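Here is a friendly note to read alongside the model. Please keep the structure open as you go through the points.

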Amino acid sequence: MGIGSTQPLLSIRNLTVRFGTFTALDNLSFNLDSGKTTAVVGESGSGKSVTALSVMGLVTLGTRAEIDAGEILFERKDGSTIDLLQCTEREMRSIRGNEISMIFQEPLTSLNPVYTTGDQVMESIQLHQGLTRRSAKDKALEMFEMVRIPRAEKVLTDYPHQLSGGMRQRVMIAMALSCDPKLLIADEPTTALDVTIQAQMLGLMKELQDQTGASVMLITHDMGVVAEVADDIVVMRRSKVVETGNVYDIFEKPEANYTRALLASIPRLGSMTGKSEPELFDLVLEANER
Amino acid sequence: MNSLLDVRELQKVFPLKDGSKVHAVEHVDVEVGHAETLAVVGESGCGKSTLAQLICKLLDADGGSIKLEGKELTGLSTVQMRPHRSKMQMIFQDPFASLDPRRTVGYSVAEPLIIHGLAKKREELRDRVAKLFERVGLLLSHMNQFPHQFSGGQRQRVCIARALALAPKLVIADESVSALDVSVQAQVINLMMELQRDMGLSYLFITHDLAVVERMAHRVAVMYLGQIVEMGSRAHIFENPTHSYTKKLLQAAPIADPRQRKERPLLTGEIPSPRWAAGQSPVRVEHVEIEPGHLVAKE
């Protein structure tokens with residue numbers, strides 16, 4: 001990653017974030033290439049979500065978190081490069097939802113229950129694109145159709161509780177993509193969804209990425225999802241980056257012991273073909289980590 | 001019939017205020033043999049958790065029979081049920097919510113032994129709990145600690161120790177490894193398989209995770225809208241899936257290998273609801289045995 005002459009879209013350099021005495025991110029560095037899907041993987045508490053929140057400029061909001069060091073360089077829509085950590089809140093607000101947007105794991109808690117889905121999508125369109133209510137509505141409808149919400153016109157007037165989990169996540173994606181962001185951060189976007197709905201979402205996200213050229217930072221613990229959609233992988237453990245690389249390289253020849261242990265503990269669909277009895281996981285690597 | 005658990009025609013309907021009904025479990029037949037793992041898979045609302053709760057009598061069935069070692073369990077009172085409870089234990093999804101935060105984990109594991117009067121003296125109780133802790137890979141020093149001092153994986157080990165306290169024949173595990181990190185999940189699954197090998201335990205394993213099922217199940221039942229649409233050995237289901245819904249599930253499941261990427265058709269379908277308007281009810285599926293032990297619902 002980051003190899004080649006083109007400048008990365010996002011470059012996190014030596015980022016250290018502390019919550020009191022706890023170091024949540026320890027000298028974190030990695031790049032995100034334009035138009036690619038980069039999966040940030042790791043187990044609970046490894047710092048994946050803190051990384052995402054740092055990029056969004058949300059990590060210090062209402063928390064005890066302090067950014068100790070580092071920079072997050074982002075190439076804006078106008079071609080200029082900005083350090084997100086040095087932005088004013090005003091600048092950040094013009095970037096958030098417009099140039100960098102985010103979708104979360106639980107769409108029900110990220111949507112406002114007292115506004116219709118249409119109102120919520122239109123809000124961000126009106127705010128960032130300065131459209132009138134009428135043209136914002138047309139744009140919202142267009143977005144709903146793009147994320148393949150059936151009966152889109154009706155769903156615009158629905159409240160979040162009236163929709164299924166998959167539909168809510170489609171609304172979130174529509175909202176996130178409505179301002180044509182350069183970077184979409186998706187924090188466990190399919191974890192709360194059923195497997196057939198997850199498959200729909202992954203297909204949809206891939207297609208929308210091809211259409212819009214947006215980069216995706218996919219935060220997940222699910223290596224199955226990573227194997228399906230990621231171009232690059234950043235493996236995190238205990239606040240640090242353990243390994244980065246191309247998805248094929250990481251799965252085929254992981255270098256770090258931790259990555260190897262992680263891959264050894266994943267059940268791979270199809271790996272039991274022809275075997276008559278259940279089989280234990282071979283967790284040797286983790287037991288005697290070199 | 002030589003199976004440990006034999007469930008026939010099990011049914012549960014939840015009436016709603018507006019007169020409609022949720023047919024959560026419809027005429028379900030399942031058997032679990034000795035030292036066997038039967039996995040029940042399906043998506044939200046397919047009735048798999050209701051099925052688990054009906055079998056261990058946390059819910060009363062509206063119809064059908066549940067036989068454990070040949071003894072009928074439906075219709076038994078709480079007191080009559082007690083001797084059978086020790087043969088059948090449950091492990092839940094969330095090990096944070098299923099342990100009493102104000103009790104030491106040692107007490108939580110000892111409690112079933114106390115209730116069933118299985119350890120008369122203090123020392124005997126302590127010894128039995130210590131053995132259980134050792135068996136599930138916890139340290140003896142953990143016994144005096146409280147749930148909040150443990151990680152998710154350790155807590156799930158405590159829950160397994162508690163389930164094993166009464167030396168059950170059948171353990172019903174409802175999404176028991178779904179909330180765990182993958183490396184911890186693999187360790188807990190290994191522990192469950194070792195316990196099966198060493199103690200001859202049977203599992204009714206409820207999950208949505210097909211890759212885990214492929215790893216640890218002997219037989220698999222696929223549920224859809226309260227009914228079983230396909231059931232067979234692991235090889236039947238994974239190597240010769242026949243019902244369209246089973247195929248759809250397997251097609252949708254991600255494979256943790258980037259060389260096996262699938263082209264995803266852009267579907268928009270939703271999971272249908274098991275709720276039926278007043279006066280309507282689902283059509284009962286008919287099964288065909290397409291090879292010995294492999295049942296498929298007619299479509």
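1. Let us begin with the make-up of one lining. The residues around the largest cavity divide into five nonpolar, two polar and one charged. In this count Ala, Val, Leu, Ile, Met, Phe, Trp, Tyr, Cys and Pro are nonpolar, Asp, Glu, Lys and Arg are charged, and the others, Gly among them, are polar.

2. A word on conventions. This is a predicted model, in which local features need pLDDT of at least 70, side-chain atom pairs count only at pLDDT 80 or more, and totals for chains, interfaces and linings use all residues. Residues are numbered from 1 along each chain as its sequence is written, chains are lettered from A and ligands numbered from 1 in the order in which they are written, and side-chain values use heavy atoms, with hydrogens and water left out.

3. Back to the largest cavity, which holds about 90 Å³ of space. On a 1 Å grid over the protein atoms alone, a cavity is a set of points where a 1.4 Å probe fits but cannot get out, while a pocket is an open set with protein on both sides within 12 Å along at least five of seven lines; lining residues have an atom within 4 Å of a point. Grid points are joined across faces, edges and corners, and a volume is the space filled by probe spheres set on the points. The whole structure has four cavities of 30 Å³ or more.

4. Which residues line the largest cavity? They are Thr37(A), Leu202(A), Met205(A), Lys206(A), Gln209(A), Val216(A), Leu218(A) and Val229(A). Helix α8 (195-212) and strand β8 (215-220) of chain A each supply at least two of the lining residues, and α8(A) gives the most, with four. Helices (H or I, at least four residues) and strands (E, at least two) are DSSP runs, numbered from the N terminus.

5. The second largest cavity has a volume of about 50 Å³. Its lining includes Ile173(A), Leu177(A), Met205(A), Gln209(A) and Val216(A). Here too α8(A) gives the most, with four residues. This lining has seven nonpolar residues, two polar and no charged.

6. Now for an open space: the second largest pocket, of about 680 Å³. Of its 22 lining residues, Arg96(A), Gly97(A), Glu123(A), Ser124(A) and Met175(A) are the closest to its centre. At least two residues come from each of β6 (100-103), α4 (117-129) and α7 (165-177) of chain A. The lining divides into eleven nonpolar, seven polar and four charged residues.

7. Why does the span of α4(A) agree with its number of residues? At 1.5 Å a residue, its 13 residues should span 18 Å, and the end C-alpha atoms are 18 Å apart; the expected span is 1.5 Å times one less than the number of residues. Among its buried residues are Thr117(A), Val121(A), Ser124(A) and Ile125(A), where buried means under 20% relative accessible area, exposed over 50% and partly exposed in between (1.4 Å probe, protein chains only). The buried residues of α4(A) pack against α5 (133-146), α6 (152-155) and α7 of chain A, with contact meaning heavy atoms within 4.5 Å. Just after the helix, Gly130(A) takes a positive phi of about 60°.

8. Leaving aside residues up to four places away in sequence, Thr51(A) touches Ile12(A), Leu25(A), Leu28(A), Phe30(A) and Met236(A).

9. In chain B, helix α1 (residues 48-55) is mostly covered, with six of its eight residues buried. Lys48(B) is one of the buried residues. After α1(B) comes Lys57(B), whose phi is positive, near 65°.

10. Finally, the strands of chain B. Strands β1 (residues 5-15) and β2 (residues 21-32) run antiparallel and are joined by eight bridges; two strands pair if DSSP finds at least two bridges between them. Val13(B) has His23(B) in β2(B) as its bridge partner. Five residues lie between the strands of this hairpin, where Gly19(B) takes a positive phi near 95°. By contrast, β6 (residues 88-91) runs parallel to β7 (residues 170-174), with four bridges. On β6(B), Met88(B) and Met90(B) on one side and Gln89(B) and Ile91(B) on the other are all buried.
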